[in-house]
Amino acid sequence: MRARGWVASSLPLWAVFGALLLGMVLVGVAGAHPLRAYGELLRGAVADVFGLSTTLVKATPLLFAGLGVGIALRAGLFNIGAEGQIYLGGLAAALVGLYLQGLPSLLHVLLALAAGFLAGAAWGLVPGLLKVFRGVNEVITTLLMNYVGILLISLIVSGPLIEPGAPYPYTRPLADSALLPVIIPGTDAHAGIVLALVTALLLHALLARTTLGFYLRSVGLNPSASAAAGINVRAVLLVAMAGAGGLAGVAGAVEVIGLKHRLFENFSPGYGYDAVVVAFLSNGQPLGVVAMGVFFGALRSGANIMQRSVGVPVAIVFAIQGLAVLFLAASLAVQRRWTLPTLVAAPRSEAPRLAASIGAKHESS
Amino acid sequence: MSPLEYVLVLSYLTATVRLTTPIGLAAMGGVLSERSGVFNIALEGMMLFGALTGVLGSHYWGSPWAGTAAAAGVGAVLGLLLAYLSVTLGANQIVSGVALNLFAFGCTTFLARVLLRPAGIEQVPAFQPLVVPYLADLPLIGPVLFRQTPLVYAALVLAPALTLFLFRTPWGLGLRAVGEHPRAADTAGLKVAQMRYGAVVASGMLAGTAGAFLSLGHLNLFTENMSAGRGFIALAAVIFGKWHPLGALGAALLFGAADAFQLLIQTYNLGVPYQVPVMLPYLLALLALTGLVGRMAPPAAAGTPYRAEE
C-alpha cells in the first residue's frame, strides 16, 4: 500500500514524464534529435538570466489563471474560460492605466489589479449563473465565452482604443504609475511573479484554514451531502466561478501592466488554456499550481530557443500539455480502480465528480 | 426581387447550407455519443485532426474522397481513445475531452508546420459541387440545396437516417437505454461498454468528416486552428437540438445562418467591424443555451462511467 500511495501522489509527475517521452516521437517526426532538442529546451529555459527571466514572465499569467481554474476545480467546476477572462482582465487594467492619471504608483497598480479582478470575475460569473439557475454545463459556456471575450477586446483595441497611426491594433502606452516594477534589472522579469506566489500562499491558507475553503472543498467532493449539511451550494459555486474568473482577470491585468505596457489585440498566446492544464495536473492545489505553472512557463520559454536552434515548432509544447492531461486522466481512473476496495482512504486526490458538477441526475452507485 | 437581390439571397442561403454542414455533422456525432452516455467534449479536436488528415489524404492519394476517408479514420481512432478512457478506464470525460482538444490543437499545428510546409502542400484536390439532375434547376432551392458538395448531401441524409436508427430500431433503443439507465440495460442483456464504444467511435468519425469538410469542402487547404470553435458550437447545437439528430441539424442551421451572415457582412463591407458578426454565432449559441427553448435534460447517465458489479 505504501508504494502505491507514493506512486499515486506523484501521478502528475509521471503523467508529465510520459508526455515528454511521447513528445520525443513528435520531435523525431520534425526530423530533430530528441535528446538534443530537449537539451536546447532546457538550456533556453534556465541556462542564463535571460532564459530564467523569460520563464518567470511566462509563468506569471499561468500561475494566476491556473490558481483560478484550480479554485473552481476544487469546487467541482470546470472553468475552461480562463482565456476569455484573461482578456477581460487585461482590458479593465488597461483602461485604469490609460484613463486614471496622476495617482501614486502603488494605488494605481492596485486599482489596475482590482479592475482586472472585477472584470474577470464578472466574465466568470455569467457561466456560473447559467449553471446555477439554468443548469447549463459550464464547460460549453466558458468555452464559447472565450471567443466572445477575445473578439470583444479585438474590437475595442482596433476601434475606440487604438493608438492613432498604429500599424497594428494596440493602445497608447499606459501611465508609468500603473506599471509593475522590473525585479531582475536588464530583463523583462517583473514583480508579477512575486504577487503570484503570495496569492498562491494566501489561497492555500484559504482552502486549508477558512470556512469558505472548507465549503469549497466540501461542495467539490460531494455537493448533495454538502447541501444536506446546510451549505448553500449555489452560493459556493457562484463564489468559486467569480473567484476563478477574477484570478484569471488578474493574470490578464498583470500581463498588461507588467510586460506589455499597452493593451494589444490577441495579447495572450493561449495562457488561459495552459492554465487549465496546470490546474488539472495539480488537482487545484495552489502549491501544486506553482510547481506546474513554473514548469510550463519554462517549457514555453525554452521552446522558443528550441525552435530557433533545432527547428522543432513551439506548438509541440501544447501537444505535450494535452498528452500530460490525458495521461493524468487515465492514471487517476486506474488509481481509483486500485483503491476502490479501500475507498475510505482513497479520495484525497480524486478529481471532483463530473456528474455532480454538471447537475445531471446520476445513479447513486 | 431585382437580379442583384436575388444573387445576394442566393449566395447567403448557399453559404448558410455550406456552413451548417460541418457543425451539423459534428453535432450529430455529439448526439450519438451523448445518447449512449458519454460526453464528447473533444469534437473540436477531432474536427481539427479531420481537417489536417483530409488535406494530407487528398494530397497523397489525389482524391478528396480518400482524404475524407482518412479523416473519418483518424476521427475513429480518436473516438476509440476517448472511449477507452471514459468507458474502459472510467476516466473523467470532461478532463479527457479537454485534454484531447489541447493535444489536437498542439499536434495539428505542429504537424502542419512539419508535414505541410516543407513538402510544399498547399492547395489539394477538393470536392467539386455535385449537381443533382432536375432538382438543381428549381428556382432558388435548386442552386441552394442541389449544387453543393457531396458531404452536404451526406449531412442532409444522415439526420433522418440517424433519427430512424435511434428511435425506430432495436439498436437505437438499446443505445438510448444505455445512456439513460445502464444498469437496467445491462440487466436486460445489453452490452453497455460495447454500445458506448460504438457510439463514441461513430461520433469521432462524424467529427473527423466534419473536419474534412472544413478543409476540402470549400477551402481546399489547412489553416491552423481552422475549426475555430465550431466543435463547441456543435456541442451547443446538441443541447439546443435536445439530443435529437434532426434537432441538432436544425440548431446547426441556425448557427450556420449566423455564420453566413457574418461572411455576408464582411464580403459587402457594410462598415461594421468584422469582430461583431464573427462574434454572432458564439453569442447565439450562448443565448440558445440559456434555455430559450425550455429546460434541457441530457440523457440521465451521460457523463457517468458504468461498471458492472464485480
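**Patches, bridges and a chain contact**

Author: Let's start with F327(A), which sits in helix α14 (residues 316-339) of chain A. Keep in mind that this is a predicted model.

Reader: What makes the nonpolar surface patch, and what is its area?

Author: L22(A), V25(A), V29(A), F327(A) and L115(B) make a nonpolar patch of about 370 Å². To count, each residue needs over 30% relative accessible area and no salt bridge, and the nonpolar side chains are joined within 5 Å, so these five pass that test. Helix α2 (residues 11-29) of chain A gives the largest share, 3 residues.

Reader: Why is the pair R43(A) and E40(A) called a salt bridge?

Author: Their side chains come to 3.0 Å, N to O. The cut-off is 4 Å between a side-chain nitrogen of Lys or Arg and a carboxyl oxygen of Asp or Glu, so this pair qualifies. Both residues lie in helix α3 (residues 34-46) of chain A, 3 residues apart, or about one turn of the helix.

Reader: How many salt bridges are there over all chains?

Author: A search of the whole structure turns up 7.

Reader: And how many of these cross the interface of chain B and chain A?

Author: The rule finds 0 salt bridges there. Still, chain B and chain A have 5 residue pairs in polar contact, both at pLDDT 80 or more.

Notes. Residues are numbered from 1 along each chain as its sequence is written. Chains are lettered from A and ligands numbered from 1 in the order in which they are written. This is a predicted model: local features need pLDDT of at least 70, side-chain atom pairs count only at pLDDT 80 or more; totals for chains, interfaces and linings use all residues. Side-chain values use heavy atoms; hydrogens and water are left out. A polar contact is a pair of N or O atoms within 3.5 Å; within protein, one must be able to donate a hydrogen and the other to accept it, and residues adjacent in sequence count only if both atoms are side-chain atoms. Patches are made of residues with over 30% relative accessible area and no salt bridge: like charges are joined within 9 Å, nonpolar side chains (Val, Leu, Ile, Met, Phe, Trp, Tyr) within 5 Å. Accessible areas come from the Shrake-Rupley method with a 1.4 Å probe; for residues, only the protein chains shown count as cover. Helices (H or I, at least four residues) and strands (E, at least two) are DSSP runs, numbered from the N terminus.
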